[in-house]
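This report describes how the chains of one assembly meet one another. Sequence and structure are shown first, and the account of the interfaces follows.

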Amino acid sequence: MLKNQLSHLKPQATPFMEEMILNMGPQHPSTHGVLNFLIITDGEVIHQALPNVGYLHRGIEKLAEQTPYTTFIPFTDRIDYLSAMFANHVYVMAVETLANIEVPERGEYLRVIACELNRIASHLISTGALALDIGASTPFVHWIRERECINDIMEALCGARLTYSYMRVGGVSRDISQNIKDAVLKFLDHFEPIIDEYNRLISFNGIFIKRLANVAIISQVDAVNFGLVGPNLRGSGIEMDIRRAIPYGVYDRFDFKIPIGLGFQGTLGDSYDRYFVRILEMKESCSIVRQALETLPPGDIRTKIKRNLKIRENECYTCVESARGEMGIYLVSDGSDRPYRLKIKTGSFTAMSIVEKISQGLMVADLIALIGSLDVVAPEIDR
Amino acid sequence: MTYKGYDILALRFGKDTIIYCDKTLNPYIEVSSDQIQEVCIYIRYHPELKFSFFFSLSGVDYPEKNRITLVYHLFSMKLKTLCVLKASVNRNHPELESIESVWKTAGWFEREIHDLLGVNFIRHSNMKRLLLPDDWVGYPLRKDYKEPLLYHDMETSRDKPS
Amino acid sequence: MKNYADQLFRFLFQAPVETSSYALIWYGLFIFLVAGALLFFAANFAGITSFVERRIAARIQSRIGPNVVGPQGILQWVADGIKLLLKEDLIPDRADRFLFRTAPYFVFSGLFTAFVALPFGFGIVAADLNIGIYYIFAVTSLVVVGIIMGGWSSNSKWAMFGALRSAAQIISYEIPTALSLIPVILLTGSLSTQDIIKSQGGMPWNWNIFHSPFTLACFIIFFISALAEGNRIPFDLPEAESELVSGYNTEYSGFRFLVFPMAEWANLWVIGAMVSLTYLGGWQIPFVSIETLSGSPWLILLSVAVFAGKTSLVVFFIIQIRWTLPRVRVDQMTLVCWTYLAPVCLASIIGTMIWMLVFPWESMAGFVIRVIMSGIGAGAVIFYIMRIRYNYLSGKAAYEKMKGIPLWYPFWRLP
């Protein structure tokens with residue numbers, strides 16, 4: 001009877017001997033959105049975990065084909081609600097590349113500032129939620145407190161706290177005022193020491209290390225083979241960052257390091273490496289924001305574009321380094337005022353595909369640590 | 001993709017099966033659909049190319065040409081460049097070699113394309129719908145797709161909010 | 001308690017109870033009275049602790065916490081209780097209805113009968129059983145029966161997971177818990193809770209904890225395994241909310257659900273009282289001998305206050321740990337128990353025996369060692385306080401500069 005009930009589910013799972021099918025999600029506290037795992041376990045040990053995605057499929061790619069280029073920007077916020085700025089950025093970059101629009105220098109700098117602040121905010125949620133999944137609830141609330149400061153800054157900067165729609169084709173929507181600049185600097189002064197405090201609280205906690213180190217090790221071969229991107233890839237020790245590999249915007253003007261996993265507390269590529277790379281990345285983002293604020297050039301923030309933007313037949317692929325890794329857009333135009341085809345490639349999508357392989361032999365609690373350390377956001381998988 | 005990389009490929013596969021096109025912003029290489037797996041293996045492991053990073057796989061529907069084009073975006077850390085491969089399949093019988101054996105991650109991209117565009121990938125380990133329910137009718141990203149009015153007796157559309 | 005009953009009878013009816021023909025009825029009535037008082041205390045303690053824990057957690061997480069119902073939100077737990085009473089008592093379809101309904105009673109009775117043998121002050125104990133400690137272990141084991149029943153009968157895999165984890169955890173941690181109290185029993189020569197306290201003294205160097213390094217180790221082990229028995233973080237695996245949704249009580253709702261957290265909070269008192277009575281000197285007041293204590297009712301009340309104070313400190317410490325540490329994994333939990341705690345306990349028992357022969361309690365050497373040990377203990381407490389102070393001050397200035405509002409309010413001016 002159980003088999004019949006499950007037969008309509010997409011991943012086919014057949015329990016063998018003493019195995020049990022455990023249905024984790026979509027209503028589960030630590031699946032970070034609406035995800036479903038069909039777990040075949042023997043007691044606590046997972047034999048197979050089959051991810052079942054699609055609960056948040058909204059057909060953004062189809063919607064894009066019916067929406068004019070400039071009007072589509074708010075949709076991109078909804079791809080990844082934790083780091084909406086990157087989706088904005090990659091989309092407007094794609095349109096600018098296709099339509100051959102020059103972005104003023106000040107606009108590019110503002111984009112960098114907004115993106116890096118958003119990266120910090122996203123990593124705050126990611127690392128905090130990982131601690132929450134491990135069972136420590138305090139770090140998450142502390143990080144939420146810091147994220148609130150970023151949200152306030154973002155609200156002052158672009159009027160929204162979560163779905164920013166800050167980028168415009170040809171620049172950004174609003175200029176940064178002296179007040180916001182001061183607020184950003186004040187926040188950075190406050191935040192950098194807080195990272196150390198946070199590390200004292202949770203990163204170097206013995207139980208926390210025991211829970212994450214040597215758990216769910218992703219080798220370099222697997223990481224490349226499964227197309228991991230961003231901090232997950234760098235956690236496996238591969239120095240790959242789109243900001244360096246394919247420099248976009250004005251990122252080549254800033255001096256920043258690319259933190260990679262070194263096996264900080266255990267094996268290279270374990271959950272702790274992926275976690276700690278994010279912590280280190282936040283520090284780098286702080287330094288990038290400082291540099292950008294120091295060298296912020298005067299001038300326009302946006303080039304004027306035609307109200308009804310039409311792009312001749314062409315295609316391009318642009319990608320940015322989002323908080324969850326490389327986010328790419330493949331945009332095909334056909335001369336009309338809306339995209340012919342828009343394909344969004346996201347980091348969580350590939351990160352999700354590795355779960356089935358890595359989760360074999362883990363315990364149920366480790367699977368949650370794995371999902372947390374991969375920093376999967378469900379709407380980004382399904383789009 | 002530079003000309004150098006294309007030359008290496010063309011030496012192996014011949015200039016008539018592999019066509020270089022630089023009219024678009026990212027120049028692409030047109031590969032025939034039955035050779036795509038070989039080309040992918042070659043381009044990934046060739047010591048001078050090493051396109052080891054699989055960025056994305058997208059499908060584009062061209063109803064007037066009666067083709068579905070599959071676009072592979074690859075990246076090489078060695079050359080620091082993007083490579084775009086294109087393979088076209090017939091829209092009525094879209095079938096293509098799966099490259100899951102080359103990049104594991106391509107498996108999920110192929111499932112997504114199978115789901116949304118209806119392309120069948122041969123020798124794929126789990127050729128099923130990924131995002132939509134298994135019993136969904138039609139392939140939404142095709143240009144002539146009409147959404148069914150009912151799904152399991154549930155209305156899929158609603159009146160415009162007044 | 002019998003002499004209190006006799007005294008009360010004499011006070012009320014001016015006649016000795018032994019000669020009265022209503023003696024049995026009076027004793028029966030008195031038992032109900034005491035049971036009611038204990039239940040009242042336990043339930044109220046659980047409720048107030050729930051509020052206190054939430055406020056402490058809020059402070060730790062730089063939030064405010066519940067502050068709406070009543071002054072400073074002190075009545076929040078009453079509101080929560082009423083809300084849960086009014087909720088529908090849902091029983092899942094295809095659950096084992098009988099076991100599902102019965103399970104909370106087991107959890108409830110398992111914990112609340114433990115209060116019978118717990119002392120509250122000098123001579124104030126519902127029943128001074130001569131097997132007190134043993135009794136407490138025996139009845140608290142009933143909790144795991146209730147948890148397994150609740151988890152199994154829910155017909156939910158998550159609840160089942162939680163129940164089985166709970167069984168594994170509580171049964172394996174029974175062993176270090178029991179073993180780590182044997183040094184105390186060796187030192188006292190009795191299982192009665194009152195006798196254990198009487199054998200100690202008011203000052204720290206007369207407490208069992210500082211008797212030898214072995215008892216100190218046993219104290220730490222007892223504290224850790226008491227946390228595990230009470231399902232507190234870092235050992236809250238049975239209800240790990242991020243892994244198992246809510247563990248064994250996933251399917252419960254309404255008042256039946258309330259029994260589980262209530263038992264958990266009442267268990268805090270049991271843990272605290274057990275720790276303070278076995279190792280921390282119980283209700284012993286410094287510089288007051290037991291002879292003077294027994295004479296004065298005011299001193300007896302003071303002993304109650306001392307005991308409650310020590311217990312509250314332990315409870316506070318447990319709450320602080322709860323909101324600081326992450327959770328261990330299930331295999332690490334059993335590994336810690338069987339490879340560290342149990343062997344160290346066994347070694348400590350033997351060590352304490354030898355120590356008792358080499359440095360008897362009354363000897364000068366024993367006294368000096370106890371004083372040195374208590375100095376070390378005081379140092380640890382001071383280090384703990386300074387560490388908290390450092391953490392607090394390091395974030396305070398930055399936060400206040402950033403937000404423009406004070407980080408900390410005195411408790412009478414809470415926001």
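Which residue of chain A forms a salt bridge with Arg165(C)? The partner is Glu44(A), with the closest N and O atoms 2.5 Å apart; a salt bridge here is a side-chain nitrogen of Lys or Arg within 4 Å of a carboxyl oxygen of Asp or Glu.

## Basis of the description

The model is predicted: local features need pLDDT of at least 70, side-chain atom pairs count only at pLDDT 80 or more, and totals for chains, interfaces and linings use all residues. Residues are numbered from 1 along each chain as its sequence is written, chains are lettered from A and ligands numbered from 1 in the order in which they are written, and side-chain values use heavy atoms, with hydrogens and water left out.

## Chain C against chain A

Contact (heavy atoms within 4.5 Å) involves 36 residues of chain C and 42 residues of chain A. Together the two chains bury about 3,300 Å², of which 59% lies on carbon and sulfur atoms; buried area is the accessible area (1.4 Å probe) that two parts lose on being put together, summed over both. Two salt bridges are counted between chain C and chain A, along with eight residue pairs in polar contact, both residues at pLDDT 80 or more. A polar contact is a pair of N or O atoms within 3.5 Å; within protein, one must be able to donate a hydrogen and the other to accept it, and residues adjacent in sequence count only if both atoms are side-chain atoms.

On chain C, the helices α7 (157-179), α14 (330-358) and α15 (364-403) each supply at least two residues of the side that touches chain A. Helices (H or I, at least four residues) and strands (E, at least two) are DSSP runs, numbered from the N terminus. The largest share, 10 residues, comes from α15(C).

## Chain B against chain A

Here 46 residues of chain B are in contact with 43 residues of chain A. These chains bury about 3,700 Å² between them, 62% of it on carbon and sulfur atoms. Phe55(B), Trp108(B) and Leu131(B) supply 20% of the area that chain B buries against chain A, more than any other three residues.

Between chain B and chain A there are four salt bridges; in one salt bridge, the side chains of Lys143(B) and Glu65(A) meet at 3.2 Å, N to O. The polar contacts number 15 residue pairs, both residues at pLDDT 80 or more. On the side of chain B that touches chain A, β3 (53-62), β4 (67-76), β5 (81-90) and α3 (106-117) each supply at least two residues, and β3(B) gives the most, with 10 residues.
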